[in-house]
Amino acid sequence: MEKHSLLSLFSSNPDKYYKVSLFDEKGFKRQSCKLCGKFFWAINERESCPEHDNYSFIGDPPTSKRLDFVNTWKELSSFFRKNDHEIIQRYPVVCRWREDLYYTIASIVDFQRVMNGKIVFEIPRNPLVVPQMCLRFNDIENVGITGRHYTSFCMVGQTCNADAPGGYWKDRCIELDHSLLTDVLGIKSEEITFVEDVWMGAGAFGYSLEYYVRGLELGNAVFTEFEGDENNYRTLDNKIIDMGAGLERLSWITLGSPTSYDATFGPIFKKLVDIIGIDIDSKSEVLSRYFKKLSEIYSNYENDPRLLKINIAKELGLSYEDLEKFVLPVETLSIIADHTRTLLFAISDGSLPSNVGGGYNLRIILRRTLALLARLGWKLDLKDIMDLHIEYLKPMYPELKEHKNDVRKIMQIESERYSSSKERMYSIASSMRESKKKPSVEDLIRMYESDGITPDLLLETGVIEKIPPDFYVKLAELHTTHESIPVPVIEIGSDIKPTKLLYYEDESIREFDAKIVKILKGKYLILDSTAFYPRGGGQEPDFGTIEGIEVTDVIKQNNLVLHKIQAPSKDLQDNKIVHGIVDNVRRLAITKNHSATHILNSAARNNLGSWIWQNSAFKDENYARLDITHHSALTKQEIKQIENTANEVVQRNLPININVFERSNAEEKYTFRIYQGGAVPSNHVRIVNIDGWDVEACGGTHVNKTGEIGLIKILKTERIQDGVVRLEFVSGNKALQYVQSQDAQLLHIAQSLGSSREKLIESFDKVTLENDQMKRKFRVLINRFSDNMATTVTHQATKSKSGLKVYGTFDDVMGDDYYIALGEKSINIDPFLVYVAIVQDHERIKVIVFVGDESRKIIKASRIAKEISMKLGGTGGGGTDKFAQGGGNDKSKINECLKNLENLITNIDSSEKNG
Ligand SMILES: [Zn+2]
Ligand SMILES: [Zn+2]
């Protein structure tokens, strides 16, 4: 579907689609733009649409009130409340309810759920208004520069289902929005222009009216009325109004300040300016003129901010350098305020800066902020700036305070990580500066990806003169979308009724009778009902038998459960009633592991911090793992605490209740914390509630009470990627077996040491000490002994055709220490010597090569080591001309190597000469 064909569809009938009752009442007339042809509605005659207007409100606001960001919200929310709207709390900026988005990018996203590739709307109150913080990272380099771009902004969403109780349609919507601008803010109707546009997405579409005042777009009311495409469409059962207005802009127009950042961050700027000790107030006249000019000509110079400034400077009668002195501190303050506010919301809502996924953007802006502070030499603590945001935003977002300490902790860790790698980054930068090579955008991206070097740092160190305007865009593009793993699909046909899932009706069923509905490829059985749990949600499938034939895998495809049997059988035919038996031991073990996963996840969060989320999980019979989002590897102490907490929950024997909720009710009651395993693509969610401990949306099998798990034992933890830690664990009988086997191993060790379990550590320390002493004695012995042996070696060496003296030996008793000492001594005695020792150490064969001073003129130790290693089945060796090592594992080649040593060396020798 093309935008322009939609637009022509709607604008060919403007009275039907765009005209609202307010336009007649107030005398708004439809006009078309002489410059771009767009249609718009305004009271006064206009030559062009407002997209071509300058920001004439800067320095001259058209409103009767002067409102900063928070006060704009207060006025706006009380207006909508008076007009029967429910004001709801913002949703998280981390978009857990949509698999295709990391962050909430618009207010309407709050109410969108994806089902079968289609977007459905779930609007919890009707009508409502939400002050939704939105995160977008596609304009990073514009933030601070243009006066109006942000990485996070508040989109006020006025949302309404026209066909549900309380709903209204476009007449009422535009009437309200007009009243907000005129009655509340005091803007004259003559100042307002409505521009016609269209909207489409995910199978639905509609028309929209954007409203502008003095060149600034203040809001966009989208009326989603149809589904289908422009040639074949029908009216939706539930028509949706999605009016989005940037709160930053509404505030800005009331203040008429040079930038929208003044409106949004005013009180924060004041405090920061005091701390840094710079003067901005006296420059506000120049800044006003600068930013007004900027809004007029910015689009002509989008790719060259420097040239843009040079031109504006000329018009203002300043030099570029002088202008920069005015503008740079304001730009930098704005970037810092914007980036810290974004980090505050994102980390509060559970996102961690990292090198992967959505966390990537957070690390970029964090490092950019730190680099900027360093560049200007400003002594500001980002954590303190965040506190200023929390304090200022308290009336709108009181919840920010809850995770204040967690946010501080993450910021601390990230800042330290940055400064500890800084030295390395500076040394890379300085060698780049010396090489005088100019890096391309691709080079810059590579440097950021591999070494964390931001272009700001390169700017600071003089490697580059300006940051390429597309750097941040290109970088963000690499990391914006989730990747999904394609699942192989078995062709089934569409006429089969969904399998009845007995394991949900009664988890305790282990035997059942069912009818075969279809057999696919001779080995996949579809039954009319089943107690076999299919692989899903990280839980491995049940095994067992159907008519005595082993079931080796169970998978779910849409509404059907497919049982894979070990071998095709003539006994199995369509419509036959068969008997299924689920392997009880396996099911129980997996079930305990699954409940244990939920317990551990909350145990980790309670011990570590609110940023802990399940990244993924895997539950099998003998093994389970839980990957959590965490900034660092776990310490021994932390592992122990998590394990203790988890086992306390087991011992408290808490009931686990499973209930199905309507999705919107579950979200409201339990928050988005329920989406530990990802979003749920259905109207109803199954909520697994470990009473008083953990609530998750989950389709897996669970024990009735936590006590049934018996024991949870963490086996191992590992930082598997930046921001993700893996916990491997066992539970139930497997945990007991694990402890028992550990115990048996200890007993074995104790007995081998001739000790007892009680005195094991003491005995072990003693043996270690003895071992160390022995090694020391051995080394002394080798030293003395090898003096004599070295002389023998030189006598035993044979002269090759090229005049080299060659010595080779094999040994599987004395270790490599001895042969290294011996080799070194031997070539000191005889400078013509080539010394090769092959040493067997368990399964591995090691090659040690020394070449004396004279021989080295002809042949190199590293070449010989490499050659022999390859003959022994290894991949090569390494070292210097004098001493090299290598190895392989093909024992059968040792003799051959030693026998042909002279030939081998002669061959290398001649090839070196030829080469
Ligand atoms: Zn126009
Ligand atoms: Zn689960």
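Mentor: Donors are taken here as N, O and S atoms within 2.8 Å of the metal (3.2 Å for Na, K and Ca), and since water is not among the atoms, sites may look incomplete. This is a predicted model, in which local features need pLDDT of at least 70 and side-chain atom pairs count only at pLDDT 80 or more, while totals for chains, interfaces and linings use all residues. Side-chain values use heavy atoms, with hydrogens and water left out. Along the chain, the donors of the zinc ion (ligand 1) follow the spacing C-x2-C-x12-C-x2-H. Cys36 sits in the loop between β1 (29-32) and β2 (39-42), and His52 in the loop between β2 and α4 (69-82), so this pair ties together parts that are 16 residues apart in sequence; helices (H or I, at least four residues) and strands (E, at least two) are DSSP runs, numbered from the N terminus. The zinc ion (ligand 1) is coordinated by Cys33 (SG), Cys36 (SG), Cys49 (SG) and His52 (NE2), at 2.1 to 2.3 Å. The angles among the 4 donor atoms are 100 to 117 degrees, and the site of the zinc ion (ligand 1) is tetrahedral, a label given to four donors if all angles lie between 85 and 135 degrees. For reference, the ideal angle for four tetrahedral donors is 109.5 degrees. As for accessibility, Cys36 counts as partly exposed at 38% relative accessibility, and His52 counts as partly exposed at 35%, where buried means under 20% relative accessible area, exposed over 50%, and partly exposed in between (1.4 Å probe, protein chains only).

Methods
Residues numbered from 1 in each chain as written. Chains lettered and ligands numbered in written order. Tetrahedral: all angles 85-135°; square planar, octahedral: opposite > 155°, others 65-115°.
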